[in-house]
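Here is a predicted model to work through by question and answer.

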Amino acid sequence: MRMEKFLADLASKEILDLARKENIQTIWERYQLQQPQCGFGLLGLCCTNCNLGPCRIDPFGEGAEFGACGADRDTISARNLLRRTTAGAACHNDHGRDLTLALLAFAEGKTQGYRIKSEEKLKNIAQEFSIPVENRPLEDIAKDLAIKILSEYGQQKGKLTFSQRAPKKRQELWRKLGIMPRGIDREVVEAISRTNMGVDHDLRSLILACMRVALSDGWGGSMVATEISDILFGLPSPIRSQVNLGVLKEDEVNLVVHGHVPLLSDVVAELALEEDLISKAKEKGAKGINVVGICCTANEVLVRRGIPVAGNFLQQELAIITGAVELMLVDIQCIMPSLAKVSSCFHTKVVSTHQKARFYGIQHIEFKEEEATQTARRLIETAIENFPKRDKSRVNIPKEKMDVVCGFTAEGIFHHLGGRYRATYRPLNNAIIEGRIRGVVGVVGCDNPKNLSGGAHITLVKELLKRDVLVVQTGCAAIECGKEGLLKPEAAFEYAGLGLREVCEATGLPPVLHSGACVDNSRILIECCEILKEGGLGEDISDLPVAGAALEWMSEKAIAIGWYAVSSGIFVVFGTPLPILGSKNLEKFLTQELFEIIGGGWAFEEDPVKAAKIIVSHLDKKREKLKLRPMMYEPNLI
Ligand code: BF8
């Protein structure tokens with residue numbers, strides 16, 4: 001089966017056809033060459049944790065029932081899941097650490113190009129950490145804050161400051177279950193230690209460890225990353241921009257920032273506006289410098305600066321195949337090692353910049369905060385120098401690009417929905433209570449050729465909108481829906497049910513709110529807390545008519561996000577199942593029993609139309625339990 005037949009996006013289709021003609025292999029071919037994929041791996045029944053193995057359990061109960069050590073299918077699949085969850089959480093937590101270290105370096109005067117862009121946020125967060133702020137230089141406050149946050153990475157006992165933002169009832173439950181995260185690094189180390197041969201074997205105990213390590217991400221590392229990014233690069237506010245490969249420019253130097261950490265991309269975006277660099281570009285025959293993004297670092301500079309997005313995860317190779325990219329800067333996470341090979345077919349230079357991430361065949365220019373401006377300037381000059389090497393006969397920039405409005409934060413919602421003079425969540429709560437809005441659903445995560453290469457998000461979101469569900473997005477899912485025109489305020493007229501449309505009309509908001517990168521899923525947790533604080537919709541996140549979906553999840557980071565949402569009391573739907581179906585006990589635990597224990601749980605449904613129905617029925621159950629009014633305009637849907 002040729003997966004790209006599902007490609008909803010015409011720009012990607014066009015470039016993929018071109019790649020085929022030129023015999024350039026992309027992720028779609030490589031994925032196809034992997035078929036059939038390993039059944040043991042898909043079911044979670046393969047164990048490589050010690051040298052007795054690799055062991056595997058027969059899924060049909062006819063062959064081996066135990067690994068050589070005696071581990072059964074429940075232990076093996078739960079242990080594998082814990083390893084994956086931990087890997088994902090580690091990635092987000094380390095991203096948060098990078099930003100905290102940068103804040104510290106800034107406070108100590110050791111950086112170039114950074115400043116405190118949100119003084120209010122710095123002071124608010126510092127006070128949350130009991131740091132005095134009155135009459136103190138911002139650098140001193142920033143230093144104390146960075147040191148306190150770093151101490152929570154190494155903390156051995158107690159709780160994380162941000163976890164205290166959760167509703168009281170939720171915190172009590174975490175304490176009762178023994179899953180309150182104690183220290184960010186401690187949870188990651190302990191989780192990995194549990195998965196060693198001969199340590200933790202009990203399915204329930206392993207799953208509680210999944211939740212604890214994920215909470216150290218959602219209410220720890222990811223939240224740290226979001227908050228410090230807001231302090232250093234500014235709190236996002238609604239901003240217009242464009243997305244899709246059509247944002248590349250034929251007559252300008254195209255510089256693509258790709259990865260996750262905004263420490264370099266933000267400085268590059270700023271410097272690219274400088275006259276002397278623009279003049280240099282003109283000397284080389286270009287009309288200017290066009291900085292665009294791929295993946296989550298794109299989302300970071302999109303929601304704060306309105307920098308256009310060239311594409312999501314699946315479009316990273318395609319951007320190069322347009323023949324129009326002078327330089328692609330990569331840092332960490334979701335970067336395909338194939339970029340080296342693809343770029344070798346064109347003039348494009350790919351440069352890795354993060355000390356943690358090296359690639360065969362890709363030049364490395366290390367980025368250090370103390371030389372941020374210098375390095376960014378050098379990199380922009382590299383892009384400019386490369387412009388004359390572009391082969392104009394091989395440039396194929398698709399025309400598709402779409403307008404978007406993005407940059408919606410938990411803080412922003414106070415103003416967008418509450419109005420300029422009375423900042424409050426009350427209108428949002430009222431819209432839910434009165435039945436104009438059915439509930440709020442986070443549609444997030446990756447795009448994956450295993451599913452519909454992004455198309456699942458689009459169908460799911462359209463299905464939800466017509467049932468008056470307000471959608472909040474982050475990550476590659478948000479970029480995909482942006483390409484489809486769902487992030488424009490006008491989308492409310494085309495896709496939203498009558499109730500949601502009324503709210504969007506009154507506020508000017510799009511029916512789909514783009515909140516940023518994947519670490520910004522932490523904003524969705526805060527939004528849930530604010531809704532609860534406003535009153536009238538229960539006492540805990542698990543009471544709310546909310547849900548999360550990552551139908552095209554790919555990265556282990558998505559597993560960690562799913563787990564921290566579930567552990568916070570949210571119902572989460574993944575498309576392709578987690579690799580646990582080899583254990584019926586684990587499947588039952590995750591999709592049924594967990595709801596009683598933690599108030600949230602999992603469902604797996606690849607079909608986006610069916611997934612929408614499952615989600616809507618969940619929202620309706622929550623509405624019923626809260627005794628909310630029936631929906632004001634029940635759509636007549638078949
Ligand atoms: O953190 S959505 S493919 S880019 S993992 Fe990666 Fe998935 Fe995209 Fe961002 Ni998130």
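Q: Is Asp200 buried or exposed?
A: Asp200 has a relative accessibility of 11%. The cut-off for buried is under 20%. Asp200 therefore counts as buried.

Q: Which residue forms a salt bridge with Asp200?
A: The closest N and O atoms of the pair are 2.7 Å apart.

Q: Where does Arg165 lie, the partner of Glu128?
A: Glu128 and Arg165 meet through their side chains in a salt bridge of 2.6 Å, N to O. Glu128 is partly exposed at 29% relative accessibility, whereas Arg165 is buried at 19%. Glu128 belongs to helix H5. Arg165 is in the loop between helix H6 and helix H7.

Q: How many salt bridges does the structure hold?
A: Some are linked in a network. Among the members of that network are Lys121, Glu128, Arg165 and Asp230. For the structure, the count is 51.

Q: How many salt bridges does the rule find across the interface of domain 3 and domain 4?
A: The domain assignment places domain 3 at 251-394 and domain 4 at 409-636. Together they bury about 1,300 Å², 64% of it on carbon and sulfur atoms. Across the interface there are 11 residue pairs in polar contact. The number of salt bridges is 0.

Q: Which element supplies the largest share of the side of domain 3 that touches domain 4?
A: Helix H12 and strand E6 each supply at least two residues of that side. By class, the side has 8 nonpolar, 6 polar and 2 charged residues. The largest share is 7 residues, and it comes from H12.

Q: In which strand is Val472?
A: Val472 is buried, with a relative accessible area of 2%. Beyond its neighbours within four places in sequence, Val472 is in contact with residues including Val441, Val443, Leu513 and Ile524. Its place is in strand E12.

Conventions. Residues are numbered from 1 along each chain as its sequence is written. This is a predicted model: local features need pLDDT of at least 70, side-chain atom pairs count only at pLDDT 80 or more; totals for chains, interfaces and linings use all residues. Side-chain values use heavy atoms; hydrogens and water are left out. Helices (H or I, at least four residues) and strands (E, at least two) are DSSP runs, numbered from the N terminus. Buried means under 20% relative accessible area, exposed over 50%, partly exposed in between (1.4 Å probe, protein chains only). Contact means heavy atoms within 4.5 Å. Domain bounds come from an automatic or database domain assignment. Buried area is the accessible area (1.4 Å probe) that two parts lose on being put together, summed over both. A salt bridge is a side-chain nitrogen of Lys or Arg within 4 Å of a carboxyl oxygen of Asp or Glu. A polar contact is a pair of N or O atoms within 3.5 Å; within protein, one must be able to donate a hydrogen and the other to accept it, and residues adjacent in sequence count only if both atoms are side-chain atoms. Ala, Val, Leu, Ile, Met, Phe, Trp, Tyr, Cys and Pro count as nonpolar, Asp, Glu, Lys and Arg as charged, and the others, Gly among them, as polar.
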